[in-house]
Amino acid sequence: WRLRSMEELEAMYEQLHLKGKGNVKRNSYWSSEDAISCGQWCVDFWDGGSVIRCHSNEEVRAVRTLP
């Protein structure tokens, strides 16, 4: 299992959330990408923007990588 990349989260926002599919909450979701300043990059599902979260309780949508 792994966290989704920013690109995967942005696609999830556009292809699922905006169409009312995928049971996606209106919250921020952690990505697998580190932010230089203090935390992790997240995608905000309120507006689709990218944000950096340092110490916050965000949602996770993991994906299973098959061999």
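**Layout, charges and contacts of the predicted chain**

Arg 26 sits in the loop between helix 1 and strand 1, where helices (H or I, at least four residues) and strands (E, at least two) are DSSP runs numbered from the N terminus. The model is a predicted one, so local features need pLDDT of at least 70 and side-chain atom pairs count only at pLDDT 80 or more, while totals for chains, interfaces and linings use all residues. Residues are numbered from 1 along each chain as its sequence is written, and side-chain values use heavy atoms, with hydrogens and water left out.

Back to Arg 26: this residue counts as partly exposed because its relative accessibility is 47%. On that scale, buried means under 20% relative accessible area, exposed means over 50%, and partly exposed is what falls in between (1.4 Å probe, protein chains only). Leaving aside neighbours within four places in sequence, Arg 26 is in contact with His 17, Phe 45 and Trp 46, contact meaning heavy atoms within 4.5 Å. Arg 26 and Asp 44 are 18 residues apart in sequence, and their C-alpha atoms are 7.6 Å apart in space.

The chain has 67 residues, of which 31% are buried. Its accessible surface comes to about 4700 Å², with 49% of that belonging to carbon and sulfur atoms; accessible areas come from the Shrake-Rupley method with a 1.4 Å probe, and for residues only the protein chains shown count as cover. Of the contacts with a separation of 6 or more, 48% are between residues 24 or more positions apart.

The loop that holds Arg 26 also holds His 17. His 17 counts as buried because its relative accessibility is 15%. Setting aside residues up to four places away in sequence, His 17 touches Met 12, Val 24, Arg 26 and Phe 45. Asn 27 is placed in the loop between helix 1 and strand 1 too, and is partly exposed, with a relative accessible area of 23%. With residues up to four places away again not counted, Asn 27 touches Val 43, Asp 44, Phe 45, Trp 46, Glu 58 and Glu 59.

Most residues other than glycine have a negative phi.

Within strand 1 itself lies Ser 31, which counts as buried because its relative accessibility is 0%. Not counting residues up to four places away in sequence, Ser 31 touches Leu 3, Arg 4, Ser 5, Met 6, Leu 9, Gln 40, Trp 41 and Cys 42. Over in helix 1 is Ala 11, partly exposed at 25% relative accessibility. Ala 11 and Gly 48 are 37 residues apart along the chain, and their C-alpha atoms are separated by 9.8 Å.

Turning to charge, Glu 7, Glu 10, Glu 14, Glu 33 and Asp 34 form a negative surface patch. Helix 1 (6-15) and strand 1 (28-34) are the elements that give two or more residues to this patch, and helix 1 gives the most, with three. Patches are made of residues with over 30% relative accessible area and no salt bridge, with like charges joined within 9 Å and nonpolar side chains (Val, Leu, Ile, Met, Phe, Trp, Tyr) within 5 Å. Lys and Arg count as positive and Asp and Glu as negative, with His and the chain ends not counted; the place of a charge is taken as NZ of Lys, CZ of Arg, CG of Asp or CD of Glu. Glu 33 lies in strand 1 and is partly exposed, with a relative accessible area of 32%.

Side chains of opposite charge can pair when their charged atoms come close. The structure holds one salt bridge, that is, a side-chain nitrogen of Lys or Arg within 4 Å of a carboxyl oxygen of Asp or Glu. The partners are Arg 2 and Glu 8, whose closest N and O atoms are 2.8 Å apart. Arg 2 counts as partly exposed at 35% relative accessibility, and Glu 8 is partly exposed with a relative accessible area of 28%.
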